Amino acid sequence: MSLDADIRLLSRVTLFEGFDREALRLLAFGAEARTYGEGSRIYRAGEQSDGGYIVVSGAIHLHPDGEDKDTIRYGPGSLIGEMALIVPTLRANMAMAAENTEVLKVPRPLFRRMLEEYPDLAAILQQRIAGSMDEFMKQLGRIREKLDLAEQMAGSDN
């Protein structure tokens, strides 16, 4: 892919929306293009993360806990490993190419460099992450309510 095509792809990734062209150019220039054949493992559950992956073409299946069941499919424009761009974490899933797949790997040091060179983006990211965490906590609250209700209903059957 050309640098301009990479920049266009990055501009469509939700986490990078609103980033100016120069910041996206830095990411595109430093990102590592990789190709995986169908069925190739990209990483294993439990491995130390070192960056995120953006699907250029093809698709990636994430297997929770490294198992083959309950896969989640991510296609072009998807960012996998968002938190790995910011902090070291262990991979929660195994990632495999669902078909012939091209990705851009964004290493954490590259992402941090971009935030250092464009500090206004750090504030944007902080707001997005805070919003994501708020939504996550609301979802957990709804799950908790359903579990409490199920527990009450199970208790009333006895």
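Biologist: What is the relative accessibility of Asp50, and what does the residue count as?

Modeller: Buried means under 20% relative accessible area, exposed means over 50%, and partly exposed lies in between (1.4 Å probe, protein chains only). At 36%, Asp50 counts as partly exposed. This is a predicted model, in which local features need pLDDT of at least 70 and side-chain atom pairs count only at pLDDT 80 or more, while totals for chains, interfaces and linings use all residues. Residues are numbered from 1 along each chain as its sequence is written, and side-chain values use heavy atoms, with hydrogens and water left out.

Biologist: How far apart in sequence are Asp50 and Lys105?

Modeller: Helices (H or I, at least four residues) and strands (E, at least two) are DSSP runs, numbered from the N terminus. Asp50 lies in the loop between β2 and β3 and Lys105 in strand β8, so their pair ties together parts that are 55 residues apart in sequence.

Biologist: Where do Arg144 and Asp148 sit?

Modeller: An α-helix has 3.6 residues a turn, so residues three or four places apart point the same way. Arg144 and Asp148 are four residues apart in helix α4, about one helical turn. Their side chains meet in a salt bridge of 3.3 Å, N to O. Arg144 is exposed at 53%, while Asp148 is partly exposed at 29%.

Biologist: Which residues of α3 are buried?

Modeller: Arg108, Leu110, Phe111 and Met114.

Biologist: Which members of the largest nonpolar core touch the most others?

Modeller: In soluble globular proteins, nonpolar side chains tend to be buried together. A nonpolar core is a set of buried Ala, Val, Leu, Ile, Met, Phe, Trp, Tyr and Cys residues joined through side-chain atoms within 4.5 Å. The largest one has 25 residues, and Leu15, Phe16, Leu27, Ile54, Val106, Phe111 and Met114 touch the most other members. At least two residues each come from α1, α2, β3, β8, α3 and α4. The largest share, five residues, is from α2. Apart from this core lies another of 11 residues, including Tyr53 and Ile60.

Biologist: Which residues make the nonpolar surface patch?

Modeller: Patch residues have over 30% relative accessible area and no salt bridge; like charges are joined within 9 Å, nonpolar side chains (Val, Leu, Ile, Met, Phe, Trp, Tyr) within 5 Å. Areas come from the Shrake-Rupley method with a 1.4 Å probe, and for residues only the protein chains shown count as cover. Met133, Phe136, Met137, Leu140, Ile143 and Leu147 make a patch of about 580 Å². Met133 belongs to helix α4 (residues 119-156) and is partly exposed at 44%.

Conventions. A salt bridge is a side-chain nitrogen of Lys or Arg within 4 Å of a carboxyl oxygen of Asp or Glu.
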